[in-house]
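The following exercises concern the surroundings of individual residues. Please examine the sequence and the structure before reading each solution.

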Amino acid sequence: MGKQQDKSNTSAGRGCDRSKIDTVTIHIMELARNSDETRFDGVNAHFAVLRSGTVLHLHDESEYLFASHDFNCRSIAVEFEGNYPYKQQKNGQYLWWSDTYPTPRSKQDGPTVDQIVAGRALVKYFRDRHKIQNIFAHRQSCGKVCPGPHLWFNIVKWGVEKLGLNDGGPGYTTSNDHCSGSIIPSHWRDEKWAIDLSKPFSNSTFSGPSPTHGNICIPP
């Protein structure tokens, strides 16, 4: 349902064989649009996971997108709606993903339970349909915060531990002529980012804003 790409922006034109996809790359949008499905056509990703739990298929997996830097040729790009906290300062307050913008791009929020459930189902769908072997954070190909500790811990780390996918290991990065990746910060591996989906949420077990419930839409 996404906007049509320029015809020059094809896998053939970029020297890529998109029939050999082996990776999913996880991103955060750094904005939220109230999970309004009509407002995400311009998102540069193959899939979007909204805070409501809805999954949007924006571009066919065969399309080459300028989304994930050195992972572009081999990966499916997935964007998660939201502006999440990503770093706790010494005074205990959080810096938020879009705090550096002069005008806030969206309200401060955190991942929803439904979003994590839908995101995990989507990753499993990729593994089963495309036989993907790797799950990476956008940060590893371009030194951004993206996707932040919430999504890394609950989606990427989960994919490694539960689905047997590869995240490259603690020191893994890659780069191209446009951007160099950064390693996953050690504090992203802290259990405080874990969201236990099997029982009621408790602020005492999570150092961040409470995930909320919406409607879950699991892809086929």
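**Exercise 1.** Determine which residues phenylalanine 136 is in contact with, leaving aside its neighbours within four places in sequence.

*Solution.* Step 1: contact requires heavy atoms within 4.5 Å. Step 2: on this criterion, the partners of phenylalanine 136 are Thr23, Val24, Thr25, Ile26, Phe71, Arg74, Val156, Asn166, Asp167, Gly168 and Tyr172.

The model is predicted: local features need pLDDT of at least 70, side-chain atom pairs count only at pLDDT 80 or more, and totals for chains, interfaces and linings use all residues. Residues are numbered from 1 along each chain as its sequence is written, and side-chain values use heavy atoms, with hydrogens and water left out.

**Exercise 2.** Is phenylalanine 136 buried or exposed?

*Solution.* Step 1: buried means under 20% relative accessible area, exposed over 50%, and partly exposed in between (1.4 Å probe, protein chains only). Step 2: the relative accessible area of phenylalanine 136 is 2%, so the residue is buried.

**Exercise 3.** Classify the aromatic pair formed by tyrosine 125 and phenylalanine 126.

*Solution.* Step 1: rings of Phe, Tyr and Trp (its six-membered ring) pair if their centres lie within 6.5 Å; planes under 30 degrees apart are stacked, over 60 edge-to-face, and the rest tilted. Step 2: the structure holds 5 aromatic pairs. In the pair of tyrosine 125 and phenylalanine 126, the centres are 5.9 Å apart and the planes form an angle of 50°, so the pair is tilted. Step 3: together with Phe47, Tyr125 and Phe126 make up one aromatic cluster.
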